[in-house]
Amino acid sequence: MASSNQPTPTDPLHCDRSEQDSIWLNIVARGAGATEIDLLLARKVSPNGAPDDEEPPIAIAAKHLNFQAVERLLDAGASPNQATRTTRWTPLMLAAFQSDKPAAPRVIELLLERGADPSITSVRRTIQPIT
């Protein structure tokens, strides 16, 4: 079987600048500070990420309890209810799942203040972050 030399959409070496920036935004949402996120957002990267991202930047930031990233992304217009594609977990669910960690309450509070909907359920309809 012949292998395809076509680049994948997530291959940063073979995609356009906006796709590269979206990939980098997803990477820095994991643990970067406000400066790195602000630099990417200044390049007009969508705070909601690319349409085909499995996890939008806000979900990644919430999952990693990165308060600065969540705050900057929300300030830039990211949806506080933007869920992951497969499981449909929202940023609030991802942060609440880790409520035993010291950083979680602050991230959860920020998401709720900015419009996160605690009544949204996941695909399995078994995960609700706030009752």
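The crossing of helices α2 and α4 in this predicted model is right-handed.

## Helices side by side

Two packed helices are described by the angle between their axes and the distance between the axes. For α2 (residues 34-42) and α4 (residues 67-75), the axes come within 9 Å and cross at roughly 25°. That makes α2 roughly parallel to α4, because angles under 35 degrees count as roughly parallel. Who does the touching? On the α2 side the contact is made by A34, I37, D38 and L41, and on the α4 side by Q68, A69 and R72. Sorted by class, the contact of α2 with α4 has four nonpolar, one polar and two charged residues.

Helix α4 has another partner to look at. Its axis and that of helix α6 (residues 104-113) come within 10 Å, crossing at roughly 10°. So α4 is roughly parallel to α6 as well. Here F67, V70, E71 and L74 in α4 meet R106, V107, L110 and L111 in α6. By class, the contact of α4 with α6 has six nonpolar, no polar and two charged residues.

## Stepping back

How many helices and strands does the protein have? There are six helices and zero strands. Reading from the N terminus on, the elements run α-α-α-α-α-α. Of the 131 residues in the protein, buried ones make up 41%. Now take the contacts between residues at least 6 apart in sequence: 62% of these join residues at least 24 apart.

W24 lies in helix α1 (residues 17-28). It is partly exposed, as its relative accessible area is 47%.

## An aromatic pair

A pair of aromatic rings is described by the distance of the centres and the angle of the planes. In this protein the count comes to one aromatic pair. The rings of W89 and F97 have their centres 5.4 Å apart and their planes at 70°, so this pair is edge-to-face. The reasoning is simple, because planes over 60 degrees apart count as edge-to-face.

Are the two partners buried or exposed? W89 is buried, with a relative accessible area of 14%, whereas F97 counts as exposed at 60%.

## Tucked away in loops

Loops hold some buried residues too. N66 sits in the loop between α3 (57-63) and α4. Its relative accessibility is 10%, so N66 counts as buried. Which residues does N66 touch? Not counting residues up to four places away in sequence, N66 touches V28, A29, R30, G31, A32 and A61.

T90 is found in the loop between α4 and α5 (91-96). At 2% relative accessibility, T90 also counts as buried. If you leave aside neighbours within four places in sequence, T90 is in contact with N81, Q82, A83 and I120.

## Two backbone angles to look up

Most residues other than glycine have a negative phi. Two residues here go the other way. For K44, phi is near 70°, a positive value in a residue other than glycine. For R88, phi is near 65°, again positive and again not in a glycine.

Where do you find these residues? K44 is in the loop between α2 and α3, while R88 is in the loop between α4 and α5. K44 is exposed, with a relative accessible area of 74%. R88 is partly exposed, at 39%.

## Accessibility at a glance

Here are the residues from the tour, with their relative accessible areas.

| Residue | Relative accessible area | Class |
|---|---|---|
| T90 | 2% | buried |
| N66 | 10% | buried |
| W89 | 14% | buried |
| R88 | 39% | partly exposed |
| W24 | 47% | partly exposed |
| F97 | 60% | exposed |
| K44 | 74% | exposed |

Why does each row get its class? Buried means under 20% relative accessible area, exposed means over 50%, and partly exposed is in between. So W24, at 47%, counts as partly exposed, and F97, at 60%, counts as exposed.

Technical notes: Residues numbered from 1 in each chain as written. Predicted model: local features only at pLDDT ≥ 70, side-chain atom pairs only at ≥ 80, totals over all residues. Heavy atoms only, no water. Axes fitted to C-alpha atoms, helices over the stretch in contact; angles between N-to-C directions. Helix = DSSP H or I, 4+ residues; strand = E, 2+ residues; numbered from the N terminus. Parallel < 35°, antiparallel > 145°, perpendicular 65-115°, else oblique. Left-handed = near helix turned anticlockwise from the far one by under 90°. Contact = heavy atoms within 4.5 Å. Nonpolar A, V, L, I, M, F, W, Y, C, P; charged D, E, K, R; others polar. Buried < 20%, exposed > 50% of the residue type's maximum accessible area, 1.4 Å probe, protein only. Phe/Tyr/Trp six-rings, centres within 6.5 Å; stacked < 30°, edge-to-face > 60°.
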